[in-house]
Amino acid sequence: MTKTIVNLWTSLVAREVEEVLGTYADHPFQQAFSIPDLRQELIAYVLSHTPGSYIVLEDMEKLPLDACRLQLSFEEKQLLKAWVHEGIRCIFDRHSETITKHIPEVDDPGLAPSHWFG
């Protein structure tokens, strides 16, 4: 039988990344982190700064529901949010050149010629 080690923080961090990114502007942050590689890099960044909590599963065994519901204290939740914010800044800065190439600037619709004449 094959055993698999599962980090219980992964789904927690992914949910927190989603929640924190929702507080950022769509352009460029949400668009940048909708790129799967950048999203995975952000999750990995946060996971590398958090404690691990692991479970070993047998071959076809499913993850128990109670294992997915890690309870964090207020301080732990704030620390996790802080790591997500720091990860966003760090990864965004590291990949800023690539991001600006792949996500064009948003044009001001008021400057479009069709708006000049009513």
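Salt bridges in a predicted model

The side chains of lysine 81 and glutamate 16 form a salt bridge, with N and O 2.8 Å apart.

Student: Are lysine 81 and glutamate 16 buried or exposed?

Tutor: Buried means under 20% relative accessible area. Lysine 81 has 18%, so lysine 81 is buried. Glutamate 16 has 2% relative accessibility and therefore counts as buried too.

Student: Which residue forms a salt bridge with glutamate 18?

Tutor: The partner is arginine 39, and the closest N and O atoms are 2.7 Å apart. Glutamate 18 sits in helix α1 and arginine 39 in helix α3 (residues 36-47), so this pair ties together parts 21 residues apart in sequence. Partly exposed lies between the buried limit of 20% and the exposed limit of 50%; at 48% relative accessibility, glutamate 18 is therefore partly exposed.

Student: What salt bridge does glutamate 19 form?

Tutor: Glutamate 19 pairs with lysine 81, the closest N and O atoms being 2.8 Å apart. Glutamate 19 is in helix α1 and lysine 81 in helix α4, so the pair ties together parts 62 residues apart in sequence. With 43% relative accessibility, glutamate 19 counts as partly exposed.

Student: Which residues are linked in a network of salt bridges?

Tutor: The network links Glu16, Glu19, Lys77 and Lys81.

Student: How many salt bridges does the count come to?

Tutor: A pair counts when a side-chain nitrogen of Lys or Arg is within 4 Å of a carboxyl oxygen of Asp or Glu. By this rule there are seven salt bridges.

Note on methods
Residues are numbered from 1 along each chain as its sequence is written. This is a predicted model: local features need pLDDT of at least 70, side-chain atom pairs count only at pLDDT 80 or more; totals for chains, interfaces and linings use all residues. Side-chain values use heavy atoms; hydrogens and water are left out. Buried means under 20% relative accessible area, exposed over 50%, partly exposed in between (1.4 Å probe, protein chains only). Helices (H or I, at least four residues) and strands (E, at least two) are DSSP runs, numbered from the N terminus.
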